Amino acid sequence: MDPKLVEVTQLIDRFKAAFKASNFDVCSTLLSQLKVLLTKFPSLPPVFQQTPNAVEELKLAREIYEQAVILSVKMEDQDAFERDFCQLKPYYMDTCGIIPPSSEEYPIMGANLLRLLVQNRIAEFHTELELLPAKALDNAYIKHGVELEQSFMEGAYNRVLSARQTAPHETYIYFMDLLVKTVRDEIAGCSEKGYDYLSINDAKQMFKFSSDKELQQYIAEVN
Amino acid sequence: AMAAAAATVSSAGGILAMLHEPAEELKLHALASLNSVVHLFYPEISTSIPAIESMYEDDEFDQRQLAALVVSKVFYYLGELNDALSYALGAGPLFDVSEDSDYAQALLAKALDEYASFKTRASKAMEELENVDPRLETIVERMLERCILDGKYQQAMGMAVECRRLDKLEEAIVQCANIHGVLSYCISLSHQYVSHREYRSEILRCLVKIYQTLPHPDYLSICQCLMVLGEPETVADILDTLLSGSQDDALIAYQIAFDLVENENQAFLLNVGNRLDSQTPVDPKEAAHADRLAKLKGILSGEKSIQLTLQFLYSHNRSDLLILKTIKQAVETSGNVCHSATICSNAIMHAGTTVDTFLRENLEWLSKATNWAKFSATAGLGVIHRGHLQQGRALMAPYLPQNGAVGGGSPYSEGGALYALGLIHANHGEGIKQFLRESLRNTSAEVIQHGACLGLGLASLGTADEEVFEDIKNVLYTDSAVAGEAAGIGMGLLMVGTASEKAGEMLAYAHDTQHEKIIRGLALGIALTMYGREEEADTLIEQMTRDQDPILRYGGMYALALAYRGTANNKAIHQLLHFAVSDVSDDVRRTAVMGLGFVLYNEPEQTPRIVSLLSESYNPHVRYGAALAVGISCAGTGLSDAISLLEPLTSDVVDFVRQGALIAMAIVMIQTNESFDSRVGTFRRQLQKIILDKHEDTMSKMGAILASGILDAGGRNVTIKLRSRNKHDKLTAVIGLAVFTQFWHWYPLLYFISLAFSPTAIIGLNSNLEVPKFEFMSHAKPSLFEYPKPTTQQATTSAVELPTAILSTYAKAKSRAKKDAESKAAANQEKTAAEAESKAANQEKSTEDASGSTSGKAADAMQVDSSAEKKAAEPEPAFQILTNPARVVPLQEKFIKFIEGSRYVPVRPAPCGGFILLRDTQPSEAEELVVLTDAPATGQPVPGASAMAVD
């Protein structure tokens, strides 16, 4: 086996171990080493050179970037998420069946939709959707994002807030939390105009807070 | 695997994302990837330009140049060439000059442009400009080196010339294997593409330097360059060295001299001749050397070539007196203008042949010319005897003013005779100058002064002789309209191409005087002084073209045309076109359009295209100018486009446009025949029709008469050529045509056209400058270039009869065939075959005959044959053997081959034409020489003409 492949495989194993141990700093160091190693693989995009190890290399590279995306969620680093996702995308879009589809593809695509929603980049959200094949819309991960966006646009904030419970993947929780925050800000903005005053209970219900304390905390944050 | 073959990224997003990775290696990798996909994803990448730019600007970053390259490419694809170039410069060595991509090519071109324009600016600016961007210079240098390495020498030389890098030019030339070929390429390059005169001289000087370092220098080319540079000393040195060398060297010296003479630069030739005088070395072989020197000086003085030309034109004269006779009969009643035109036409037809039979036969008719017509008629003798240097004065003696005896003859014939002397000695006037000066000083009659001024100007063309100038100036200051006009022109002729400050003096006088004629003469004269000076003339041109007086603006047009003659300079063309459509004076507009012809004669193919719109102008003056412009620049080319443009103008609604078009057409068609272009035949018939038509007006009749003369000029052995075979301009010819066009205002100036005639001959000469018997080949059908058929007796009706003759033969053959349907068919065929055979034999005989004397009837019959019956006749031979000296028209020159193994070998392989010095490979054997004679009638003036002078 190609020594470079061996090296990469070993590093991935170490990365996964560290990831399991939630040792994210080690993870990110390992990851950047991995990325550098990947630049030595000629079969990767944009070159797509047809080497004997091409399939292996492509699969490994894809896995690494998938891990990178997931790690970025863990580290709550949206820039890294975007960067890594962009680099991962050609492996999903442009490999033309050289490698079998990845099981992580839709979860990560879905997560990306959520990220765009959170960042309020609606145009790009729709661009991404357009790029997906029609049947992908039936996929649960994608559907989740699409429905959320619809609710968000319609102003059905209660559905957005309750969707957190139905998130299909653990990485989504991070984005859902952020989304909830976005939605609460929207509600706060509207209620400021709409009501002279609100009772604690009404407010708690409207903002979907489970306790007074949470509400107080939020009010403190906003003001 | 099939699918894998198609795998490409659909977006540069991934790579752009990688650009933002914190790790340096990843950034580099991303940049490298971007560099390879820029052409696909530049729109996406363009949004990230600021990021990449900041990488370039980051001094710490070690791949700044790669970043610059990527940015440059993106800008290139976005169409921002300036930004692209500035970043490409930042890319340093990463910008690959040998890359074969559109990007690299476009940016290299841009870089070259920038650099060249910078260098041009730098050379013009008085004060020091800031230095050129060294990175730009490096790129250009790398590109030049690349070209030299790849063996693309022509490209390298072109770039070096454009960028004013003579060091690189030299480098390219020296490294090239075929150095002689490359040098001549450079010479033509400098003439065609370098529009700045001074810089062109610089290039030529550089080329001469390289030439001189070669083991076997090409002295022929060197001397041509030196002539352009105006360095007679060096030429004299070279000639002197060659004369002291072997026999072959001497031959080359002679050849150089002939080539220089062809360019007609009298002042330069005199200079070379004088320098040869002063340095005759004392030498044991002095006798041989002196002999050679004498021969060489004979050539340089022009005497040898003039003498040979004269002999050639006399012995080969093929003029068709019947045409003249027809004209004479037709215009008997048409008045003075046509009468004069006929005399002029005769002079042109016999220019340089010394054949004055027509005049002798029609003395009474001739004597009808009075006043200025007589002046012209007498001048016409000068045209006929052009180049008759020894006999010239004797010939004209009866008409010349007798010393002291005023009133002996008519001033008109006396003036005309002085003008004639000028024409005879044009550009070779050392022998006659003194006589003309005396004649000028001894008279106060303005007509005689007029003739003398023109004569003096012609004889001392371009010599800038101070004394002569003073003499003419004195005439000018008498402020006589008639004499002053000629004085102005004469001064211009004298100072041709000197850019002398005398022009200022002339301009001042032009502002002073009240006489339009004088102003016009001076305006043309000033223009003449600026001949060939290109940008040096700009100030004066500016001054003249801004003048309030339309006559001076008109002179300004001439100045523009002559200063930029044969350069196809864009600026000059632009200016002329501007005046052609915007000036308020028709004269100025007409001349501006005509000037285009002079500026463009080095690229005749261009002219019809450039003036085609103008030729459809609503303004007849502009149409007239367009016709003449085409005539001048396409002179003697028989160019199809030119003929197509002129054809409709010959039947224009305005009479003078028809006149101009007819004359221009004749100038274009001179020395081409019907088998070369069928429209030549049509045109000849059209001329005849116009001349014979009683209802045709005088203007176009005059045009037709002159056109007939020009078509058959010089006994059908001369053409009009404004460039020598070495692609330099023929000064006398250009000047001749320029003054000729002035006939619009003054008919006697028509005769200046004779200056533009050059013989179409190949004359081979041995080391004694004798003409040996010797044969060479013309690899073309003889009929393509043969003399036009002489007109038949019933010339008056031949135009109508020719087609009917064909028809009747055809009809007869047809009816006979029908009648004798089967019985005689076989016999008939046999007869036809026999006929064809005999004709073929006839044809063969005629081709063997070197002079090509084919009976016109036989050839006519052949034509009837081939068109009416099936093509039974044998095909015409594809070549022709010519004997020295032979008529070879310009278009034929490229078909001329010397026969291998012939006794005589030319010292100059190409271009093939004119005077050719021959090396004798069997010098021990006796040579067979061709004896050429002058006119038998030398010394005998036309008796009737003297009668004419008396009356």
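## Polar contacts and salt bridges between the chains

A polar contact here is a pair of N or O atoms within 3.5 Å; within protein, one of the two must be able to donate a hydrogen and the other to accept it, and neighbours in sequence count only if both atoms belong to side chains. With that in hand, welcome to this predicted model. Between chain A and chain B, two residue pairs are in polar contact, both at pLDDT 80 or more. On the chain A side that touches chain B, the elements giving two or more residues are α2 (24-38) and α4 (78-93) of chain A. Of these, α4(A) gives the most, with six residues. Sorted by class, this side of chain A has ten nonpolar, three polar and four charged residues.

Salt bridges can be looked at next. The rule finds two of them across the interface of chain A and chain B. In one, K35(A) pairs with E21(B), and the closest N and O atoms are 2.8 Å apart.

The size of an interface is often given as the accessible area lost when the parts come together. For chain A and chain B, the buried area is about 1,600 Å², and carbon and sulfur atoms give 67% of it. Which three residues of chain A supply more of its buried area than any other three? They are T39(A), P46(A) and R83(A), which supply 32% of the area that chain A buries against chain B. In terms of contacts, 17 residues come from chain A and 23 residues from chain B.

## Inside chain A: two domains

Between domain 1 and domain 2 of chain A, the count is four salt bridges. K74(A) and E170(A) form a salt bridge, with the closest N and O atoms 3.2 Å apart.

An unreviewed UniProt entry carries the annotation "domain: PCI" for residues 79-223 of chain A. Over residues 79-223, the chain is 70% helix and 0% strand, and the end C-alpha atoms are 28 Å apart.

## Inside chain B, and the overall count

Chain B is divided into four parts: domain 1 (12-95), domain 2 (218-301), domain 3 (566-712) and domain 4 (760-785 + 878-932). The C-alpha centres of domain 1 and domain 2 of chain B lie 64 Å apart.

Over all chains, the rule counts 59 salt bridges. One of the pairs in chain B is E137(B) with R165(B), where the closest N and O atoms are 3.3 Å apart. This pair links distant parts of the chain, 28 residues apart. E137(B) sits in helix α8 (residues 134-149) of chain B, while R165(B) is in the loop between α9 (153-162) and α10 (166-175) of chain B.

Conventions
Residues numbered from 1 in each chain as written. Chains lettered and ligands numbered in written order. Heavy atoms only, no water. Domains from an automatic or database assignment. Contact = heavy atoms within 4.5 Å. Buried area = accessible area lost by both parts, 1.4 Å probe. Salt bridge = Lys/Arg side-chain N within 4 Å of Asp/Glu carboxyl O. Helix = DSSP H or I, 4+ residues; strand = E, 2+ residues; numbered from the N terminus. Nonpolar A, V, L, I, M, F, W, Y, C, P; charged D, E, K, R; others polar. UniProt positions renumbered as here; feature names shortened; annotations may be inferred.
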